[in-house]
Amino acid sequence: MQNKQLLLGISGGIAAYKTPDLVRRLREQGVTVRVVMTQGATQFITPLTLQAVSGHPPHLALLDAEAESAFGHIELARWADAVLIAPATAHCLAKLAHGLADDLLSTLCLATRAPLLVAPAMNQQMWQATATQANCRLLRERGVRFCEPTTGALACGETGPGRMAEVADIIAQLSTLWRAPVLARRRVLVTAGPTREDLDPVRFISNRSSGRMGYAVAQAAQEAGAEVVLVSGPVHLPTPTGVRRLDVYSAQDMFNAVQQQLVNADIFIATAAVADYRPAQTADEKIKKTAHSLPLALERTPDILAWVSAQSPAPFTVGFAAETQQVAEYAQDKLARKKLDLIAANQVGLPGQGFDSDYNALQLFWKGADEQLEQQSLALTDKLSLARRLIQQIAHLYAQKSPE
Ligand code: C5P
């Protein structure tokens with residue numbers, strides 16, 4: 001954190017009262033902080049307080065001739081090594097999502113190349129509102145980092161998600177943002193999404209995978225400096241910035257693409273929910289509903305992950321295990337059977353996490369020194385934050401296995 005330059009945007013929420021402490025702790029760690037306050041923020045906390053703790057007068061207005069001649073807004077945007085908005089109100093997030101630039105803070109966010117980190121804080125209903133969540137999704141897709149709000153008693157008297165993340169957590173996220181890219185020069189191949197196995201020209205067998213976890217993993221690997229190829233089954237998701245995406249349809253297509261792309265891959269991460277079985281025969285014409293019942297003969301699809309880990313040399317191989325029961329047991333069995341370097345297990349079928357959700361929790365298993373089974377739990381959070389933690393652990397284990 002030493003010698004880093006942070007632009008701290010404060011928008012108008014009650015959590016603004018925590019920002020002097022945030023600034024003070026950042027400065028203790030060697031960070032230079034310049035503060036930008038929205039009009040609303042000045043109703044909750046005085047500019048003089050922020051001036052005292054940051055050592056610089058806060059920037060308050062866009063159209064201020066005096067401020068512009070001293071340290072203009074474009075200069076400020078270039079100066080920042082990162083922009084942090086804490087607290088970020090619903091209004092502030094909406095403005096960012098729509099690219100508005102009607103005050104100093106929103107203008108700076110458009111004018112900077114620095115990474116943007118936001119710490120939302122608001123009433124729980126406002127946080128859960130469809131519009132707010134849609135804005136957040138859009139911002140995440142564009143690479144904005146989130147210090148997720150926590151659940152608890154809110155200033156408005158309600159209880160729920162919407163409390164600004166703790167100051168210590170915000171600082172921890174900021175330091176991750178500034179850490180050297182852990183996967184620089186590494187090639188990572190990721191599979192994601194479901195596959196479709198055709199019964200006839202109009203029907204197929206598939207599953208409920210949305211592809212979100214795999215896309216988050218691809219994005220997190222790219223952010224960590226890796227060159228990422230994403231082999232994706234049919235999903236409705238935008239390609240993460242900087243990631244090369246190859247679209248496939250069936251398990252066999254995915255297998256073919258992985259076989260082609262595996263050359264030079266250092267790490268293979270199989271998040272795809274590949275169909276385990278496909279119809280033994282695909283009808284050329286639509287099957288008519290003439291028979292009373294219709295037995296379906298199915299055959300196994302190729303196990304892509306097992307094939308990859310059996311290669312010599314094999315890349316660092318990571319599998320996923322989505323289970324509805326006995327998660328840890330099945331995952332450990334899969335780790336051994338498929339000869340994986342790491343397995344990430346999650347329980348599916350729980351409300352609000354896993355398939356088709358933005359949130360997930362993972363339990364990681366791998367073999368440590370002396371073949372001892374090691375594990376780590378990654379608590380329930382949004383899939384991108386989870387993917388970033390997973391990538392940190394993968395990079396750590398990869399570096400142990402293949403020291404430079
Ligand atoms: O054996 P199971 O399907 O539960 O294993 C799950 C893991 O194996 C996931 O990482 C999944 O992406 C991968 N897999 C695969 N090819 C298959 C089936 C699963 O790569 N045909």
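This is a predicted model: local features need pLDDT of at least 70, side-chain atom pairs count only at pLDDT 80 or more; totals for chains, interfaces and linings use all residues.
A polar contact is a pair of N or O atoms within 3.5 Å. A nitrogen atom of the ligand is found 2.8 Å from a polar backbone atom of proline 302. A further pair involves isoleucine 304, where a backbone N or O atom is 3.1 Å from a nitrogen atom of the ligand. When the ligand is taken alone, 440 Å² of its surface is exposed, and the protein buries 86% of that area.

The surroundings of the ligand can be described residue by residue. A shell of 13 residues surrounds the ligand, and the closest of these are Ala270, Ala272, Pro302, Phe320 and Lys334. By class, the shell consists of seven nonpolar, two polar and four charged residues. Two elements of secondary structure, helix α13 (304-309) and strand β16 (316-323), each supply at least two residues of this shell.

Rolling a probe the size of a water molecule over the atoms shows where empty space is left. The ligand sits in the largest pocket. The volume of the largest pocket is about 920 Å³. Its lining comprises 41 residues, and those closest to the centre of the pocket are Ala272, Ala273, Val274, Asp276 and Phe320.

Several elements contribute to the lining of the largest pocket. Helices α11 (212-223), α13 and α14 (327-337), together with strands β16 and β17 (342-347), each supply at least two residues. Strand β16 gives the most, with four residues. The lining of the largest pocket is made up of 18 nonpolar, 13 polar and 10 charged residues.

The second largest pocket has a volume of about 700 Å³. Of the 28 residues that line this pocket, Glu148, Gln173, Thr381, Ser385 and Arg389 lie nearest its centre. At least two lining residues come from each of α8 (124-128), β5, β6 (150-153), α10 (167-178), β19 (373-382) and α15. The largest share is that of α10, which provides six residues. The lining of the second largest pocket includes 12 nonpolar, nine polar and seven charged residues.

The structure holds one cavity of 30 Å³ or more, and the volume of the largest cavity is about 30 Å³. The residues that line the largest cavity are Arg140, Val144, Arg145, Phe146, Glu148, Asp382, Leu384, Ser385 and Arg388. Of these lining residues, five are charged, three are nonpolar and one is polar. Strand β5 (145-146) and helix α15 (383-401) each contribute at least two residues to the lining, and the largest share, three residues, comes from α15.

Some features of the backbone complete the description. The peptide bond that joins alanine 86 and proline 87 is cis, with omega of about -5°, and proline 87 is placed in strand β3 (residues 82-88). A cis peptide bond also leads from serine 312 to proline 313, where omega is near 0°. Proline 313 belongs to the loop between α13 and β16, the two elements that each supply at least two residues of the shell around the ligand. Asparagine 264, although not a glycine, has a positive phi of about 70°. This asparagine 264 is located in the loop between α12 (251-261) and β13 (267-270).

Technical notes. Residues are numbered from 1 along each chain as its sequence is written. Side-chain values use heavy atoms; hydrogens and water are left out. A residue is near a molecule or strand if one of its heavy atoms lies within 4 Å of it. A polar contact is a pair of N or O atoms within 3.5 Å; within protein, one must be able to donate a hydrogen and the other to accept it, and residues adjacent in sequence count only if both atoms are side-chain atoms. Accessible areas come from the Shrake-Rupley method with a 1.4 Å probe; for residues, only the protein chains shown count as cover. On a 1 Å grid over the protein atoms alone, a cavity is a set of points where a 1.4 Å probe fits but cannot get out, and a pocket is an open set with protein on both sides within 12 Å along at least five of seven lines; lining residues have an atom within 4 Å of a point. A molecule sits in a cavity or pocket if more than half of its atoms lie within 2 Å of its grid points. Ala, Val, Leu, Ile, Met, Phe, Trp, Tyr, Cys and Pro count as nonpolar, Asp, Glu, Lys and Arg as charged, and the others, Gly among them, as polar. Grid points are joined across faces, edges and corners, and a volume is the space filled by probe spheres set on the points.
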